[in-house]
Amino acid sequence: MAAQCVTKVELTIACTNLLDKDVGSKSDPLCVLLQNTSGQQWYEVDRTERVKNSLNPKFAKKFLIDYYFELVQKLKFGIYDIDNKTFDLNDDDFLGELECTLGQIVSSRTLTKPLVLKNGRPAGRGSITITAEEVKDNRVVVLEVEARKLDNKDFFGKSDPYLEFHKQTGDGNWVMVHRTEVIKNNLNPVWRPFKISLNSLCYSDMDKSIKVECYDYDSDGSHDLIGSFQTTMSKLKEASRSSPVEFECINEKKRQKKKNYKNSGIVSVKHCEIIVECTFLDYIMGGCQLNFTVGIDFTGSNGPPNSPDSLHYLSPNGVNEYLTAIWSVGMVIQDYDTDKMFPAFGFGAQIPPSFQVSHEFPLNFNPSNPFCNGIQGIVDAYRACLPQVKLYGPTNFSPIINHVARFAAAATQQQTASQYFILLIITDGVITDLDQTRTAIVNASKLPMSIIIVGVGGADFDAMEFLDGDNGVLRSSSGEPAVRDIVQFVPFRKFQNSSKEALAQCVLAEVPQQVVNYFSTYKLQPPKNPAAK
């Protein structure tokens, strides 16, 4: 599956207190950006201009880079003192470097770190500051349109009108950018309000022509043109409910045939507003934290952990499918959580000291503080917990979903887009409390929360596919529909022979849109709003 590029990010670079390698003058620094594809392979993306005689350069040239939430994008910024005309940097003095991820930069928005030499020691007092800015036009047009006295094109009944909006390309062609719904049997239709990005409607150019065509819908596809007109965003913007902007709908063929032709109806724009919509990066750069929680299936169907056939069996190099899934997803998400403390739970096991069955026990057995320090902390807690519990059953998801939902519900009190929760459940299969889980997911769909389910082993995962609402809206046992699709399910076996990054790419690809959908639905702004510049 190809990764979806979410957006482009512009990086601005500045340095302070660089090493001085020039005798009689100051260093002449340049910054080179390298990106890591896999392993130790680095390739050059771009380089800035050389700034003469400066130990505190602010580079004018910016780096433009594609940003993918679902990948760990490793970057290296190298600073060199340039004293010759060759392109090769090996004959120039090295002043220090910084290795980091693009996720760390965008979640900080401005990242300042010390520069280090190739041996890992500090490059004097040198530091680098990287500022990220999303490259976008996130303006959206909201339009409310109606018409009156449209020509009747139907013998039986009245016309069934709809509108098409077209923009003009550089070579003069018209491209359709929006089609309204059809309103049946009505010569005075009122269409539903709709939103379209300013870029889609007119390339964000207020004076670029927009063509609007009104058609009479026919089920056989031979739609009849009622009439059309041209306008611009500048003109549409004047519309208000008390003073709509009105256009005569003209049918050229009819006008040429009829002497006293006036028009084929009036199209009235009664509301036109340009609003700014936040993107995923607006929320992240504006201070939104992604909180990551893990739930691990310790039911008996996994098989005894000391048996090589068990899904919990640790191979000689200390891994299994559960740990691979935790590493893969956790490595991406950890960059978006400042304290890197992650709660981790198990379910479906008998736990010490009384060996009661529990469906939400902390892996570290500390209910008052279930947090693990970093992804490595989750891995260590899992390995320590495994020999102490007895795998049992049944496979109940709802307790752990409701547990995270309580925290997500508490976060909604803050009235800003400050927290979003991601629950990773790793399971070997058939779910026992399907009705309670459906209800838990429907309730969670109203909260700042997404659920990722990774199925390990070879079981039948039909119920999981059902929870992932891609094939229609999930409903609770009482029939209440989920207000948005928050579950993403993938079977681990699909990625057994892929790179470890492939699983994260697949399960995390939908998260940015889920975050945006939630916060925009509830009209919540980031705590520090970078969009409102």
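Let's start with helix H9, which covers residues 434-444: Thr437, Arg438, Ala440, Ile441, Val442 and Ala444 are buried there. Buried here means under 20% relative accessible area, while exposed means over 50% and partly exposed lies in between (1.4 Å probe, protein chains only). Helices (H or I, at least four residues) and strands (E, at least two) are DSSP runs, numbered from the N terminus. The cover over the buried residues of H9 includes helix H8 (398-411), strand S25 (449-455), helix H10 (462-467) and strand S26 (487-491). Contact means heavy atoms within 4.5 Å.

A quick word on the model: it is predicted, so to speak of local features takes pLDDT of at least 70, side-chain atom pairs count only at pLDDT 80 or more, and totals for chains, interfaces and linings use all residues. Residues are numbered from 1 along each chain as its sequence is written, and side-chain values use heavy atoms, with hydrogens and water left out.

Now for the rings. Rings of Phe, Tyr and Trp (its six-membered ring) pair if their centres lie within 6.5 Å; planes under 30 degrees apart count as stacked, over 60 as edge-to-face and the rest as tilted. By this rule the count comes to 19 aromatic pairs. Here are two of them.

| Pair | Type | Centre to centre | Angle between planes |
|---|---|---|---|
| Phenylalanine 69 and phenylalanine 280 | edge-to-face | 5.1 Å | 75° |
| Phenylalanine 347 and phenylalanine 397 | edge-to-face | 5.7 Å | 75° |

Phenylalanine 69 sits in the loop between strand S4 (63-67) and strand S5 (74-81), and phenylalanine 280 belongs to helix H5 (residues 280-285), so their pair ties together parts that are 211 residues apart in sequence. Both phenylalanine 69 and phenylalanine 280 are buried. The other pair in the table also links distant parts of the chain, 50 residues apart: phenylalanine 347 is in strand S18 (residues 341-347), and phenylalanine 397 is in the loop between strand S23 (390-391) and H8. Phenylalanine 347 and phenylalanine 397 are buried too. Elsewhere, ring pairs link Tyr283, Tyr420, Tyr518, Phe519 and Tyr522 into a cluster.

Some rings have a charge over them, meaning that NZ of Lys or CZ of Arg is within 6 Å of the ring centre and within 35 degrees of the ring normal. Lysine 118 has its charged end over the ring of phenylalanine 94, 4.4 Å from the centre. Lysine 390 lies over the face of phenylalanine 355, at 4.6 Å from the ring centre.

Phenylalanine 355 has another feature: its phi is near 55°, a positive value in a residue other than glycine. You'll find phenylalanine 355 in the loop between S19 and S20, and it is partly exposed, with a relative accessible area of 28%. Proline 353 lies in that loop, between strand S19 (349-351) and strand S20 (356-358), and a cis peptide bond joins proline 352 to proline 353, with omega about 5°. Another cis peptide bond runs from glycine 393 to proline 394, with omega near -5°; proline 394 lies in the loop between S23 and H8.

Arginine 109 also has a positive phi, about 70°, although it is not a glycine. Arginine 109 is in the loop between helix H1 (102-108) and strand S7 (110-116) and counts as partly exposed at 25% relative accessibility.
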